[in-house]
Amino acid sequence: MSHARKTALASAIGIGLAAALGIAPTAGAAPAPAATTGSAASYAAYAHSQENAAANRAFYQAVLKSVAAKRAANPRAASVTVYYSTRNAPSFRSVISRSAQIWNGSVANVKLAESSSGYDFAYYEGNDSRGSYASTDGHGSGYIFLDYAQNQQYNSTRVTAHETGHVLGLPDHYSGPCSELMSGGGPGTSCTNAYPNSAERSRVDSLWRYGLAAAATK
């Protein structure tokens, strides 16, 4: 959940790693190779770093601004729709769809929908020794990078749902139990839960319902 290219204007967080990002990764090749560039230990080591903690805070602030802008544009909508693209992550399209279904069935005030144009964020696939991550520029756009090796070690639907949770405004909480989606890789590779718990669902619904007021106080 990190990438080599960085800028101060973008922040990223992931199931095990996070770093500041600015440029979307190159589109990944379609068949996923049996990559072995990362390890559970390397993901966990970065997860508890100061850089990751700072990225968590910056990412959350960026999401708040995005929520405020969407609510201001359509304040009477029953829910806000966030559009995504899978064009650059063809190997994960079905997993991404399951992740979106999980979130759409879990929360009421924001919905995820796939779109080939005019999307808010995109999924990418490829190899990164530091794992998968989510990135936003703070203006309602961003992307999620899905690492091949990590998705072979961890339950892929959990990884994808976790990263999507960042786009919806949730921070990492690695010390949490397997039942907590945002505990990410903390519970280990045996954890396969891909569903947010009641507290996570409530937090997302509150953010997307009251995001405008919340962002104004930040």
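Is P75 buried or exposed? P75 is exposed, because its relative accessible area is 59%, where exposed means over 50%, buried under 20% and partly exposed in between (1.4 Å probe, protein chains only). P75 is found in the loop between α2 (50–73) and β2. From P75 to R209 the separation is 134 residues in sequence and 9.5 Å in space, C-alpha to C-alpha.

The structure is a predicted model, in which local features need pLDDT of at least 70 and side-chain atom pairs count only at pLDDT 80 or more, while totals for chains, interfaces and linings use all residues. Residues are numbered from 1 along each chain as its sequence is written, and side-chain values use heavy atoms, with hydrogens and water left out.

**Overall layout**

The chain has six helices and six strands; these are DSSP runs numbered from the N terminus, with helices as H or I of at least four residues and strands as E of at least two. Their order from the N terminus is β-α-α-β-α-β-β-β-β-α-α-α. Of the 218 residues, 53% count as buried. Among contacts with a separation of 6 or more, 67% come from residues 24 or more positions apart, a contact being heavy atoms within 4.5 Å.

**Packing of α3 and α5**

Two packed helices are described by the angle between their axes and the distance between the axes. Helix α3 (residues 93–104) packs against helix α5 (residues 156–167) at an angle of about 55°, and the axes are 9 Å apart. Axes here are lines fitted to C-alpha atoms, for helices over the stretch in contact, and angles run from 0 to 180 degrees between N-to-C directions. The angle makes α3 oblique to α5, since under 35 degrees counts as roughly parallel, over 145 as roughly antiparallel, 65 to 115 as roughly perpendicular and the rest as oblique. The crossing of α3 past α5 is right-handed, meaning that the near helix is turned clockwise from the far one by less than a right angle. On the α3 side the contact is made by V95, I96, R98, S99, I102 and W103, and on the α5 side by S156, T157, T160, A161, T164 and G165. These residues divide into five nonpolar, six polar and one charged; Ala, Val, Leu, Ile, Met, Phe, Trp, Tyr, Cys and Pro count as nonpolar, Asp, Glu, Lys and Arg as charged, and the others, Gly among them, as polar.

**Nonpolar cores**

A nonpolar core is a set of buried Ala, Val, Leu, Ile, Met, Phe, Trp, Tyr and Cys residues joined through side-chain atoms within 4.5 Å. The largest one holds 28 residues, of which W103, L112, F121, Y123, V204 and W208 touch the most other members. Two or more residues each come from β2 (80–88), α3, β3 (110–114), β4 (121–126), β6 (142–147), α5 and α6 (198–216). Beyond its neighbours within four places in sequence, L112 is in contact with V82, Y84, A100, W103, N104, F121, T164 and L168.

**Individual positions**

A113 is in strand β3 and is partly exposed, with a relative accessible area of 23%. Not counting residues up to four places away in sequence, A113 touches T81, V82, Y83 and Y84. P177, in the loop between α5 and α6, is partly exposed at 47% relative accessibility. With the same exclusion of residues up to four places away in sequence, P177 touches S183 and P187. S132 sits in the loop between β4 and β5 (133–136) and is buried, with a relative accessible area of 0%.

C-alpha separations for these positions are tabulated below.

| Pair | Separation in sequence | C-alpha distance |
|---|---|---|
| A113 and Y84 | 29 residues | 6.3 Å |
| P177 and P187 | ten residues | 6.2 Å |
| S132 and A149 | 17 residues | 9.3 Å |
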